[in-house]
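Please keep the structure open while going through the points.

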Amino acid sequence: MKTTRRATQGQRSGKELGERLRAHRFRLTPQRAAVYRAVSELGHASPRQIHEMVRQTHPMLSLNTVYATLETLERVGQILRLRGPEGSILYEAAFPIHHHLQCFSCGRVLDIQDPRLDEIPLPPSIREQFTVTRRRVEFYGYCPRCRRRLGRAALSREAPAAPARRRRASGPGTSPPRRRARRPGTRRR
């Protein structure tokens with residue numbers, strides 16, 4: 001299994017990105033192209049990391065615009081959302097198709113590019129009820145660094161089914177607070 005990733009493999013040309021956006025009734029703007037380029041180059045990145053990179057070429061771009069653009073790019077299938085350390089949200093390019101290893105202890109995410117994982121047969125009951133258009137295989141365990149740090153005794157215990165999630169009010173990889181929609185004709189208190 002290969003766990004390396006090249007940023008250029010994940011990038012699609014501006015023409016392909018534009019076609020995909022237009023198919024979903026969106027325009028390809030310089031800001032959307034810059035956010036997609038940043039996601040592709042950074043790999044598993046938080047919205048704040050993406051924002052920092054994009055601001056180098058688009059200094060007036062707000063963090064809210066980055067969040068909205070990430071949502072749009074995810075909706076059209078160009079990027080994927082992942083759970084990162086401590087339940088944070090990370091984004092990565094959807095292409096090339098790949099799978100993940102994630103450490104229970106530190107939350108580190110590694111890519112696996114192995115076509116055999118794409119060929120895992122589906123049970124007939126699923127094939128009859130559901131049309132699968134994309135697969136994502138995720139393995140959970142401990143990275144080499146955490147295995148050394150924790151020792152064998154800690155690793156022999158059953159690990160949680162998913163990484164622990166901590167609630168945070170703000171910080172890297174968290175969404176901005178959502179505002180409640182007001183009903184027409186009402187005043188804000």
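The points below take up a helix pair, a nonpolar core and a group of aromatic rings.

1. This is a predicted model, in which local features need pLDDT of at least 70 and side-chain atom pairs count only at pLDDT 80 or more, while totals for chains, interfaces and linings use all residues. Residues are numbered from 1 along each chain as its sequence is written, and side-chain values use heavy atoms, with hydrogens and water left out.

2. Helix α3 (residues 30-42) and helix α4 (residues 47-54) have axes that come within 9 Å and cross at roughly 115°. Helices here are DSSP runs of H or I with at least four residues, strands are E runs of at least two, and both are numbered from the N terminus; axes are lines fitted to C-alpha atoms, for helices over the stretch in contact, with angles from 0 to 180 degrees between N-to-C directions.

3. Contact means heavy atoms within 4.5 Å. On the α3 side the contact is made by Ala34, Val35, Ala38, Val39, Glu41 and Leu42, and on the α4 side by Gln49, Ile50, Met53 and Val54.

4. The largest nonpolar core has 20 residues, and Val35, Ile50 and Leu70 are those with the most contacts inside it. Such a core is a set of buried Ala, Val, Leu, Ile, Met, Phe, Trp, Tyr and Cys residues joined through side-chain atoms within 4.5 Å, where buried means under 20% relative accessible area, exposed over 50% and partly exposed in between, with a 1.4 Å probe and protein chains only. Helix α3 gives the largest share of this core, five residues, and at least two residues each come from α2 (14-23), α3, α4, α5 (63-75) and β2 (89-93).

5. Leaving aside neighbours within four places in sequence, Ile50 touches several residues, among them Val35, Leu70 and Tyr91.

6. How many aromatic pairs does the structure hold? There are two, counting rings of Phe, Tyr and Trp (its six-membered ring) whose centres lie within 6.5 Å, with planes under 30 degrees apart called stacked, over 60 edge-to-face and the rest tilted. Phe104 and Tyr140 are stacked, at 5.8 Å centre to centre and 25° between the planes, and they lie 36 residues apart in the chain.

7. Phe104 is buried, with a relative accessible area of 17%, whereas Tyr140 is partly exposed at 34%.
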